[in-house]
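Here is a short briefing to read alongside the model. Have the viewer open and follow the topics in turn.

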Amino acid sequence: MLNPLYSKPIRFSHINNGQDLDKQDLGASISQYIELIIFTRFGEHRYNPEFGCEIWDMDFELIMSETIWEEKLRQSLLRSISKFENRIYDIDISVNITEINKFYPLRNVSEIKKKVDITIKGKLNKTGETYLFKTALFLSPLSA
């Protein structure tokens, strides 16, 4: 492999023991990079303040229209992924908000949270194969 793709977290103890770092395939590498885009707030990356995703600014917004909120997040993700992840093309992103009712029997409490399902489809530049990424987040406070 000319340019190996290393998996995270990077285990530097492997280097100290004379071992090679763990490697991963192209799809897993792209998925980790997309996760990094999603979980980085604009301005957080010291050398590129445009790197990241708008979800961190939208998390505590009062959601008046779920459709508008979903589209705003979808557009933010599309801009960031198109700009920073150049290993895929023909990107299609789907964002859906649903309500999840979670019951905690020990406290006898029920909570309703908003869940955001994100699906990203595209094609790998290298092979033209279909690429698929899915994740889910909970809003207010945002968590994985």
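**Sheet, helices and core**

In β3, leucine 132 is the residue that bridges to lysine 121. Please keep in mind that this is a predicted model. The points below start from the sheet, move to the helices and end with the nonpolar core.

**The sheet**
- Strand β2, residues 109-124, pairs with β3 through 9 bridges in the antiparallel sense.
- The open sheet is built from 3 strands in the order β1-β2-β3, with antiparallel pairing.
- Because β1 (88-104) and β3 (130-138) each have a single partner strand, they stand at the edges, and one side of each is left without a neighbour in the sheet.
- From one strand to the next, the twist averages 15°.

**Helices on the sheet**
- Helix α2, made of residues 26-38, packs on the sheet and touches β1, β2 and β3.
- The direction of α2 makes about 35° with that of β3.
- Helix α4, residues 66-84, lies across β1 and β2 and runs at about 135° to β1.

**The nonpolar core**
- Which residues have the most contacts inside the largest nonpolar core? They are Ile34, Leu73, Leu77, Ile81 and Ile118, in a core of 26 residues.
- Two or more residues of this core come from each of α2, α3 (55-58), α4, β1, β2 and β3.
- Isoleucine 81 is in contact with Ile34, Ile37, Ile88, Ile91, Ile93 and Ile120, leaving aside its neighbours within four places in sequence.
- In soluble globular proteins, nonpolar side chains tend to be buried together.

Notes: Residues are numbered from 1 along each chain as its sequence is written. This is a predicted model: local features need pLDDT of at least 70, side-chain atom pairs count only at pLDDT 80 or more; totals for chains, interfaces and linings use all residues. Side-chain values use heavy atoms; hydrogens and water are left out. Two strands pair if DSSP finds at least two bridges between them. Helices (H or I, at least four residues) and strands (E, at least two) are DSSP runs, numbered from the N terminus. Axes are lines fitted to C-alpha atoms, for helices over the stretch in contact, and angles run from 0 to 180 degrees between N-to-C directions. Contact means heavy atoms within 4.5 Å. A nonpolar core is a set of buried Ala, Val, Leu, Ile, Met, Phe, Trp, Tyr and Cys residues joined through side-chain atoms within 4.5 Å. Buried means under 20% relative accessible area, exposed over 50%, partly exposed in between (1.4 Å probe, protein chains only).
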